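Visitor: Hi, I'm new to this one. Could you walk me through it?
Guide: Happy to, let's take a look together.

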Amino acid sequence: MTPHEARRRFVAARVARLATADAAGRPHIVPITFAVDGDIVYSAVDAKPKRDTALKRLANVAVNPAVALLVDHYADDWNDLWWVRADGTGRVVDPEDPEGVRALALLADRYPSFAARGAVLAVDVRSWSGWAASAATDES
């Protein structure tokens, strides 16, 4: 799968899994809603019930900014299977900064029920990769 096709499939997905690791390298993975602007993927602390807005994913990015995002498609017909990974560098953006305001607008446009409650996570994607069952020469 080409990086262009991987990015196209990623953008069309509704949910991604965000993988971060803490300073000791312990992994943490959570599902996220997201919006893509060029090669930046945005997510944000939203208003769904949480104990607080100081999420582990944000703390992890502060000490270890290497992150990965994964979207996938499962079907009982295994010829339709595919996945896409975006590897990059995460950073926390203030929701009141111009970039944060833009990210929140993109998220609200994509998800009508979205309501922000905290920081924005930006992932500067350095590589888009993926695999599809329909193309035997794709990456794995």
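**A chat about the chain**

Guide: Let's start with Asp 22, which is buried, with a relative accessible area of 8%. Keep in mind that this is a predicted model.

Visitor: Which side chain does Asp 22 meet in a salt bridge?
Guide: That would be Arg 26, at 2.9 Å from N to O. Arg 26 itself counts as exposed, because its relative accessibility is 54% and exposed means over 50%.

Visitor: How many salt bridges are there?
Guide: The count comes to 8. Another one pairs Arg 9 with Glu 5, at 2.7 Å from N to O. Both of these residues lie in helix H1, 4 residues apart, about one turn of the helix.

Visitor: And where are the partners Arg 7 and Asp 39?
Guide: Arg 7 is in helix H1, while Asp 39 sits in the loop between strand S3 and strand S4, so the pair links distant parts of the chain, 32 residues apart. Their closest N and O atoms are 3.7 Å apart. Arg 7 is partly exposed at 27% relative accessibility, and Asp 39 is partly exposed at 41%.

Visitor: Back to helix H1, then. Which of its residues are buried?
Guide: Ala 6, Arg 9 and Phe 10. Seen down the helix axis, the buried residues fall within an arc of 100°, so they line one face of H1. The face turned away from that buried side carries the exposed residues His 4 and Ala 12.

Visitor: Changing topic: what's the overall layout?
Guide: The chain has 3 helices and 7 strands. From the N terminus on, the order is α-β-β-β-β-α-β-β-α-β. Of its 140 residues, 42% are buried.

Visitor: How many residues are in the largest nonpolar core?
Guide: It has 39, and Phe 10, Phe 34 and Val 41 are among those with the most contacts inside it. Strand S7 (residues 116-132) gives the largest share of this core, 8 residues.

Visitor: What does Val 41 touch?
Guide: Leaving aside neighbours within four places in sequence, its contacts include Phe 10, Phe 34, Leu 69 and Trp 128.

Visitor: Which buried residue has no salt bridge?
Guide: Arg 110 is one, and its nearest side chain of opposite charge, Asp 109, is 10 Å away. Arg 110 is in helix H3 (residues 98-110).

Visitor: What lies 2.6 Å from a polar atom of the Arg 110 side chain?
Guide: The backbone oxygen of Phe 34. Arg 110 also touches residues including Val 11, Ala 12 and Ala 35.

Methods. Residues numbered from 1 in each chain as written. Predicted model: local features only at pLDDT ≥ 70, side-chain atom pairs only at ≥ 80, totals over all residues. Heavy atoms only, no water. Buried < 20%, exposed > 50% of the residue type's maximum accessible area, 1.4 Å probe, protein only. Helix = DSSP H or I, 4+ residues; strand = E, 2+ residues; numbered from the N terminus. Arc of directions from axis to C-beta. Core = buried A, V, L, I, M, F, W, Y, C linked by side-chain atoms within 4.5 Å. Contact = heavy atoms within 4.5 Å. Lys, Arg positive; Asp, Glu negative; His and termini not counted. Salt bridge = Lys/Arg side-chain N within 4 Å of Asp/Glu carboxyl O. Polar contact = N/O pair within 3.5 Å; in protein donor to acceptor, adjacent residues only side chain to side chain.
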